[in-house]
Amino acid sequence: MKELRDLARKLLADGDAGVVIGWEEGRRGARPAFITTPDDADKLIFDARCVHNLANYLNPRKPQVKALGKPAVVVKGCDAKAVAGLLREAQLTRDRVILIGVRCGGVVQTPEMPAELTEATVATRCYGCDVREPKLVDHLVGDAQPEPPVTAALDRRIAELDALSPQERWQFWTGQLAKCTRCHACRQACPLCHCERCITDKTQPQWIESSSHLRGNFAWHLTRAQHLAGRCVGCGECERACPVGIPLSLINRKLQLVVKDLFDYTVTDDPEVPAPIGAYAVDDRQEFIE
Amino acid sequence: MNVYQPHLMNVVAVIDETPDTRTLRLQFKDPEVAAAFAFKAGQFGEYSVFGAGESTFCMASSPTRPEFIEASFKLAGKVTNELRQLNVGDTMGFRGPYGNTFPLEQWEGKNVVFIAGGIGLAPVRCVIWNVLDLRDKFGDVTIVYGARSVADLVYKRELEEWAGRSDVKLVTTVDPGGETPDWKGEVGFVTPVVEKTAPSADNAVVVLCGPPIVVKMTLPVLAKLGFADDQVYTTLENRMKCGIGKCGRCNIGPVYVCKDGPVFTAAQLKALPAEY
Amino acid sequence: MSAAPDKRPTPKGKGTKGAAPAAAAGAAATAVAGAALCLTEENLGKLVAEIVAGGTRLVAPAREPQAGVGGSADYRYISSAAELAFGDSLPRMSLKGFFLPQSEVLFKWHRKGADVEIEAVPTEFPPQIVLGARPCDTAALEIVDQVMDWGLRDELWFGRRDATTIFNLSCPVEDASCFCHAVGLNPDATRAADGMLTPVPGGYLVETCTEKGAALIEGHKALFESGDTGAAAQRSKAAAQYRADARAKVAADLQIDTTRIKEWVGDHFDDDFWTALGPRCNGCAACASVCPTCHCFDIVDEPEGVGHGARRRNWDTCQTGVFTLHASGHNPRADQNSRFRQRVNHKFFIYPSRFGEVLCTGCGRCSRVCPEGQDLAEVLACIDELARA
């Protein structure tokens with residue numbers, strides 16, 4: 001993508017950015033790139049395999065990225081929503097990052113797949129995407145892209161689960177969460193999981209047991225879900241990162257639907273719009289307080 | 001035999017050394033285990049509070065006094081917090097002894113210089129008593145010990161005992177500002193006091209332990225006094241869990257602190273990457 | 001016929017009880033105790049049924065029981081042949097979890113006043129059989145044996161090792177991320193295996209490597225056929241071809257010198273290589289979860305009620321931020337650069353320095369599972385090139 005490469009080259013040559021975080025060709029498909037010299041800007045690519053949410057690298061708890069200098073990050077719309085989340089939660093100030101928006105027509109499910117978008121290959125996050133041209137950006141590159149193929153597979157699956165009896169649903173989730181190894185890849189892959197010290201790492205007291213028995217795993221996943229409610233941008237990175245294939249997007253998407261229903265809120269890439277659970281308003285719902 | 005299962009210990013004495021440091025004196029519940037137990041200076045153990053977990057402490061008592069074992073620790077986290085709630089009569093766990101040892105056999109006939117800062121005196125104290133209990137085997141014994149303030153000096157009763165012995169040269173110091181009106185010892189950080197004390201490097205070994213900054217600053221001073229890197233011994237504290245070389249936590253470069261250490265010479269320490 | 005010998009010499013460790021020691025390097029690693037036999041697909045099904053009916057636990061590659069999610073094959077306890085997924089992809093997780101469980105009780109305690117009673121856990125385990133283990137997963141067990149037997153012997157690990165009979169499934173090579181050959185193994189290696197199954201038309205060529213393996217076959221004799229010499233020769237030929245093809249395929253993936261790499265890693269602790277590589281890693285530790293040789297663990301106490309609880313050991317990894325966090329707040333590995341370096345360091349410098357071999361079997365899972373595209377084969381190739389320069 002000439003436009004992207006030229007921009008990156010210029011930002012680095014002018015010293016506006018210390019590092020351009022984008023995508024490059026890896027051995028197994030597209031992968032994040034950390035371009036620190038203008039010459040390397042030609043490594044940058046963008047296509048439907050560029051799945052990764054690069055906002056994750058803006059997590060303040062990554063000193064090794066900070067050490068590279070002021071970042072210019074290439075963001076798709078969903079990634080920009082995550083950046084908005086970081087800004088909203090004061091993990092980042094707008095002047096400390098350069099955002100290079102890229103026009104997106106959808107991504108495939110994994111960076112290793114061919115860059116062919118079909119109903120079968122398109123990532124679940126692309127369903128109902130409202131940010132194909134990210135707004136929260138300093139630059140916008142790329143040609144206008146067609147609509148991604150639509151598949152409501154995720155919402156259909158959620159409806160199926162909702163239709164189960166509580167016992168059946170419990171069976172399903174115990175089966176899935178029993179696989180969890182507590183590697184916390186879901187947390188590490190998530191741009192919004194930025195706590196200085198995650199609750200499950202705290203020992204005095206041990207709020208959430210770190211053992212991977214069912215009790216500990218439920219505690220972890222339920223807590224993470226609670227902490228993400230209203231904040232999760234639906235990028236699906238957690239599910240992609242999970243080494244044991246736990247369908248985390250079912251939980252996170254369900255939460256999005258619940259939040260929409262209760263608060264009429266969908267996560268936005270405008271950092272000025274407060275998230276429902278993170279902000280207090282005098283007219284907040286309180287019919288559950290009897 | 002499950003190597004992760006601890007022995008049960010009775011807490012027979014609790015001594016508060018300083019506001020945040022405590023010594024626990026322990027005895028094995030099982031007399032057979034007690035009779036069979038032996039360790040050497042330098043080794044450490046994993047001390048359990050059932051319900052909180054295990055903590056790694058050096059053996060602070062001397063192997064020459066096998067009626068009990070002692071551990072001294074500073075309040076730092078979850079387990080040490082629980083250790084401070086224990087009373088005489090409570091039950092704890094112990095796994096050990098693990099690790100390598102100070103090679104006392106090689107020191108016979110030599111002068112031994114002990115240098116410690118703060119809670120670093122705990123592992124050193126084990127060697128001090130080991131040496132003093134076999135006094136004839138060693139030459140001059142010099143002890144330089146310092147802490148932030150008078151209140152922070154550990155093993156105060158024993159400092160008095162050592163001061164009273166004619167076969168021990170004891171120099172105690174507190175950091176500037178840490179002295180009390182009736183303090184009779186030195187005032188200054190451990191390192192300059194070591195320099196002032198100027199122990200001779202001739203036919204001598206040094207046992208050094210303290211906070212990383214004390215060790216870091218004292219090593220060059222010792223070199224200046226003529227001590228070769230293999231005459232200086234220190235004991236490293238590193239995050240440990242299993243204590244037996246399996247859990248992978250304590251390695252520094254090619255070394256597992258729990259197996260290759262915790263006792264290292266300055267020469268060995270300098271060969272390690274700066275990852276501790 | 002026999003497979004090419006495993007390139008790595010067998011370690012000097014005690015090995016496991018009840019198994020004849022694996023042959024030393026140079027001799028055929030597949031020490032055929034009896035004539036090579038055949039197991040038809042149908043009889044494989046019957047073997048599974050017989051083992052299960054006999055009450056012995058059976059582990060094999062099997063698909064996820066819950067439909068509609070994932071669908072990858074993984075090593076599981078199975079109860080019927082219908083669950084077998086021999087021909088599927090490399091099982092997602094390694095065999096590690098059957099010997100070092102993700103979370104394992106070390107003992108339980110019960111308080112009685114000021115006193116405490118310890119409830120021990122068994123260090124002997126009921127027999128279990130693994131059918132269809134990939135050679136990279138089986139060999140990993142013997143590599144980890146070394147640290148588990150270093151100084152004090154971990155009886156929980158070895159109890160399970162001793163109770164287990166493992167039959168490998170000769171591997172067709174998963175994809176270009178495999179590099180077992182580059183670390184001294186092969187897709188048909190039999191290191192630490194009690195027997196080997198090689199796919200041939202109609203079923204599998206079966207060979208035994210140890211007494212344990214022979215005992216398993218003996219116990220289900222009727223299911224294994226030797227057939228006439230013509231059929232046997234054909235099977236041998238087919239199996240040899242299958243293995244040779246696999247070996248050639250994986251050899252092309254990566255060519256490195258692990259000794260050269262070890263020296264470079266040991267000498268270049270502070271190299272810029274690590275600061276260039278580290279930032280991409282998000283510290284998710286998915287690699288350590290799927291790795292057959294990663295064995296680091298945490299020990300925690302968990303109260304389970306008033307006055308009683310369990311001390312557990314749980315899988316842990318040097319990739320997390322808190323792995324080396326001291327109670328004082330000091331952290332010797334405070335960023336992902338140093339933590340990613342540690343992973344490569346432990347596997348390719350520390351472990352070989354200590355135990356004479358790399359802590360890696362080239363299964364390629366870490367590269368496949370990494371969400372950010374870190375590729376171990378690529379890392380090793382880069383280091384090898386730097387080392388040669």
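Analyst: A residue counts as buried if 20 or more other C-beta atoms, placed from the backbone, lie within 10 Å of its own, as exposed if there are 12 or fewer, and as partly exposed in between. By that criterion, 51% of the 276 residues of chain B are buried, while in chain A buried residues make up 49% of its 290 residues. The model is predicted: local features require pLDDT of at least 70 and side-chain atom pairs pLDDT 80 or more, whereas totals for chains, interfaces and linings use all residues. Residues are numbered from 1 along each chain as its sequence is written, chains are lettered from A and ligands numbered from 1 in the order in which they are written.

User: Why does the radius of gyration of chain B agree with that of a compact globule?

Analyst: The radius is taken over C-alpha atoms, and the globule rule is 2.2 Å times the number of residues to the power 0.38. For 276 residues a compact globule would have a value near 19 Å; chain B has 18 Å, and therefore agrees. Its C-alpha atoms fill a box of roughly 50 × 45 × 35 Å along the principal axes.

User: What does the rule give for chain A, and what is the radius of gyration of the chain?

Analyst: With 290 residues, the expectation is again near 19 Å, and chain A has 19 Å, which agrees. The C-alpha trace of chain A spans about 60 × 45 × 40 Å along its principal axes.

User: What makes up the secondary structure of chain A and of chain B?

Analyst: Helices (H or I, at least four residues) and strands (E, at least two) are DSSP runs numbered from the N terminus. Chain A comes to 9 helices and 5 strands, in the sequence pattern α-β-β-α-β-α-β-β-α-α-α-α-α-α. Chain B comes to 8 helices and 15 strands.

User: What share of the contacts in chain B joins residues at least 24 apart?

Analyst: Two residues are in contact if their C-beta atoms, placed from the backbone, lie within 7 Å. Among contacts between residues at least 6 apart in sequence, 70% in chain B join residues at least 24 apart. The corresponding figure for chain A is 72%.

User: What makes strand S5 of chain B largely enclosed?

Analyst: The burial count decides it: 5 of the 6 residues of S5(B) are buried, so the strand is largely enclosed by the rest of the structure. Two strands pair if DSSP finds at least two bridges between them. Strand S2 (residues 21-28) of chain B is joined to S5(B) by 6 bridges, and these strands run antiparallel. Within this pairing, B:Thr23 has B:Ser72 of S5(B) as its bridge partner.

User: Which domains does chain B have, and how do you know that they touch?

Analyst: Domain bounds come from an automatic or database domain assignment. The assignment divides chain B into domain 1 (7-98) and domain 2 (104-235). Their C-alpha centres are 24 Å apart, and 16 residues of domain 1 of chain B are in contact with 16 residues of domain 2 of chain B. On the domain 1 side, strands S1 (7-18) and S5 (69-74) of chain B each supply at least two residues. That side divides into 6 nonpolar, 7 polar and 3 charged residues, where Ala, Val, Leu, Ile, Met, Phe, Trp, Tyr, Cys and Pro count as nonpolar, Asp, Glu, Lys and Arg as charged, and the others, Gly among them, as polar.

User: How many residues of chain C and chain B form their contact?

Analyst: Chain C gives 42 residues and chain B gives 31. The elements giving two or more residues on the chain C side include strand S4 (103-112), strand S5 (115-120) and strand S10 (297-305) of chain C. The largest share, 6 residues, comes from S10(C). By class, the chain C side has 26 nonpolar, 9 polar and 7 charged residues.

User: Why are S5 and S10 of chain C called edge strands?

Analyst: The open sheet of 4 strands has the order S5-S4-S11-S10 (chain C), with antiparallel pairing. S5 and S10 of chain C each pair on one side only and are the edge strands.
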